[in-house]
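Dear colleague,

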Amino acid sequence: MSLAFQKLRKIITLEREQGCVNRAVMGGLDRFLAFWEQDATEESSQPDEFRLIEMIKEKLKDYGAQGISARVRNINEVLAAISEMETKHSASASPKRVGKKVEKPARRPPSQPDQSLDSPVTSLRGVSIGYAKRLQRLGVTTVDDLLYLFPRQYDDFSALKTISNLMYGEEVTVLGRVEETRSRIARSGIVVTTSIIGDSTGVLQATWFNQPYLAKRLRPGREIVLSGKVGEYLGRLVLESPVWEPLDKEMIHTGRIVPVYPLTDGVGARWLRKLIKATLEYWVPRVVDPFPASLRQRANLLNLPTALSQIHFPDNHELLEKARRRLCFEEFFLIQLGVLRQRQDWQSQKGHALSTDEVLLQRLFDALPFELTNAQMRAIREIHGDLNSSRPMSRLLQGDVGSGKTVVALAAILTTITNGLQAAIMAPTEILAEQHYKNFTSILKTVMKHSAPDLGVDLSRIRIELLTGSVTPGEKECIHSALAEGDVDIAVGTHALIQGSVTFKDLGLAIIDEQHRFGVLQRAALRGKEDGIHAAHVLVMSATPIPRTLSLTLYGDLDITVIDEMPPHRKPVKTHWIPPLERERAYEFVRSQIESGRQAFIICPLVEESDKIEARAAVEEHQRLQKVVFPNLHLGLLHGRMKSAEKRAVMDAFYRGEYDILVSTAVVEVGIDVQNATVMLVEGANRFGLAQLHQFRGRVGRGEDQAYCLLLADAPTPEGEQRLRLMQEIQDGFRLAEEDLKMRGPGEFFGTRQSGLPSLKVARLSDVRILEDARVHALELFERDPNLERTEHRLLAKKVAAFWKGQGDPS
């Protein structure tokens, strides 16, 4: 259908919305139709189009003289006739119909016979090598990447309004004629271009800055569409820097729900929007849906081509939501199929069936300076139930900060080594690995003291080794050799444990601490260190409380054990939100705690000063605090860019009490345990998520003294204020996790990239209903065709493999 008909439909739709009072265009419909008939005749080529032109002339002839009821009847008949012809043309034309619009046939963006969705973006018309490099910063290197570069938000310019009905503060679209346009240079040197736009109800001023070329484009008499927010200047309503485009073109920047894309330097909003629109027109009809029709029907999903079209350029809010649901469902569905496949593959292997020495475990419990909670004992029973089975364990041990996961893990390690097998525990940082090493060594020495001669196990012969990137080449070679010979019983380390040169003689148990900081590939690599006959038992641990629905997504291949009870000796950490003006009071409180013999942390979000983020850099803050605020105290500094040996030296000094205050970035978030530290002061607290703030809080209160967490916030947003209030009110990490999940977007809970999952482009981890729906359908399909071998699932199998590529491919 020609653009002339589309233009007429927009105008008479507006006329109908205004009550058919002949004010949709200046001069009335009679004047407009005189010009429109000529344009429509020139653009038309089909007999039915010419017949429709005659019908419209007849129905709308002398429109100004018709009564209101006749106008309403004739307008409705014309709109129905246009829609009927549009439907007829879309059914017979090669371009696919998207929503209610018939898309103009797109020129192939250049002609390459072997072009595909995997072709580089330089194959698209108008994308030079320079633009391709800029698009790469947005994660776009191929045509397919561009189709999946989804809007970050939308501007709703779909509501057409006449000038007389505009109200201050509204986001509106106005259809009018340019009366005059002028440019002038302001005192500041800025070029100000002003246009007077009129319709049949009044006039409106539109203003643009530093766009002098608009004076030539917006010539008097030109009909345009403008969209923007209504402002006010000298008592008159104005549009400042509105988006505009000619009325005689298909509207993609105005007059609709307009997509707003992420941008980068050198990539403008209009250019990117036009590129994506043109790419969609050509490629969407050629996109193949990996979901079989039966699945789409059962799950009530749009097909993929329609979903892609509507997520980018939605016809209305209902279709936008349906498109988002389809694409969100797809991401969750592919994740579920992947983790279900991983679980099946892992549990189909043969594992070591270990026997439990109850006497030895009791010796361990007796040696502890505290009594285990019921939750810890339940966790030990569940884990040992797995260890006793020939099916390899694949379990997540989840517990809040300070809930006692380390002791539970050590019980599993003791059972493993008393069965003649090796155990390994991998931590994300050298600091945490060294802490595990010290804790295990200390507890085992205590157990040896409590052990009777009739125990049957010589604990003194247990060999523990620490393997990190800081170990010297000579020491590393010795440890590698001892692991391969079976002389090392317990290996504690970082990523160094999964290097290709590391082999175990008989690995029985692999423990991965702070699982969300490792990808699926690292988990699989540590699993792969077994003897080649038996698969090692795997226990992953996380101190980040994870809501159940999120656990299903992130750890669908794992059984889950939750330690939901804190040791009775742990006192809640008193948490206070401190405004910037009361910073000195916070410093005075820190000083009083140190005078009482305690220690403190001060957390800053960045390592180097940044103009973009008003957070205090740890390096400069350390200097300021030492010289100005605490000149008589000893302050240490810790940040992620220090060498491992430097970090270790600083932490050891803090443990020994040589530093009163440790100024640090977020590297202290996980695992650091200094029982004498009673104050955690967090600068720029509004910049951290709830989960991270809760982890900071967990670094204090490890001893018997009352601990405090002081949250200093610099001009927080409403969301930031909400997080700070929740931190004051809630101590339970699981409740905070639920709140964090509600507030944060795709992958932001603690970063799906760190979790090892494919990144989520549409789905939010708070989309609980869609997640559970996708899991139900994934389970049903997996039970019927676990290997996706049926003909109708071949495309889906390819999609799963592509989705998980580089993430621990489950195929």
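In helix H10 of this predicted model, the buried residues are Leu304, Pro305, Ala307, Leu308, Ser309, Gln310, Ile311 and His312. The helix spans residues 304-312 and is mostly covered, with eight of its nine residues buried. Its N-terminal end is capped by Asn303, which places a side-chain oxygen 2.8 Å from the backbone nitrogen of Thr306.

Helix H11 (residues 317-347) packs against helix H27 (residues 794-803) at an angle of about 85 degrees, and their axes are 10 Å apart. H11 is therefore roughly perpendicular to H27, since angles of 65 to 115 degrees count as such. On the H11 side, the residues in contact are Glu330, Glu331, Phe333, Leu334, Ile335 and Leu337; they meet Leu796, Lys799, Val800 and Phe803 of H27. Sorted by class, this contact comprises seven nonpolar and three charged residues, and no polar ones.

The largest nonpolar core contains 60 residues, and Leu272, Phe333, Leu337 and Leu796 have the most contacts inside it. Two or more residues are contributed by each of helix H5 (129-136), helix H6 (143-147), helix H8 (269-283), helix H9 (293-299), H10, H11, helix H26 (768-784) and H27. H11 provides the largest share of this core, with 12 residues. When residues up to four places away in sequence are not counted, Leu272 touches Leu135, Leu138, Leu146, Leu149, Tyr261, Pro262, Leu263 and Val267. Another core lies apart from this one; it has 44 residues, including Leu354, Met393, Ile413 and Leu414.

Finally, I draw your attention to two alanines. Ala536 is located in the loop between helix H17 (520-527) and strand E17 (537-542). Its relative accessible area is 0%, so Ala536 is buried. Between Ala536 and Gln349 there are 9.6 Å in space, C-alpha to C-alpha, although the two are 187 residues apart in sequence.

Ala618, by contrast, belongs to a helix, H20 (residues 618-629). Ala618 also has a relative accessible area of 0% and is therefore buried. Ala618 and Ala666 are separated by 48 residues in sequence and by 9.9 Å in space, C-alpha to C-alpha.

With kind regards

Key:
Residues numbered from 1 in each chain as written. Predicted model: local features only at pLDDT ≥ 70, side-chain atom pairs only at ≥ 80, totals over all residues. Heavy atoms only, no water. Buried < 20%, exposed > 50% of the residue type's maximum accessible area, 1.4 Å probe, protein only. Helix = DSSP H or I, 4+ residues; strand = E, 2+ residues; numbered from the N terminus. Polar contact = N/O pair within 3.5 Å; in protein donor to acceptor, adjacent residues only side chain to side chain. Axes fitted to C-alpha atoms, helices over the stretch in contact; angles between N-to-C directions. Parallel < 35°, antiparallel > 145°, perpendicular 65-115°, else oblique. Contact = heavy atoms within 4.5 Å. Nonpolar A, V, L, I, M, F, W, Y, C, P; charged D, E, K, R; others polar. Core = buried A, V, L, I, M, F, W, Y, C linked by side-chain atoms within 4.5 Å.
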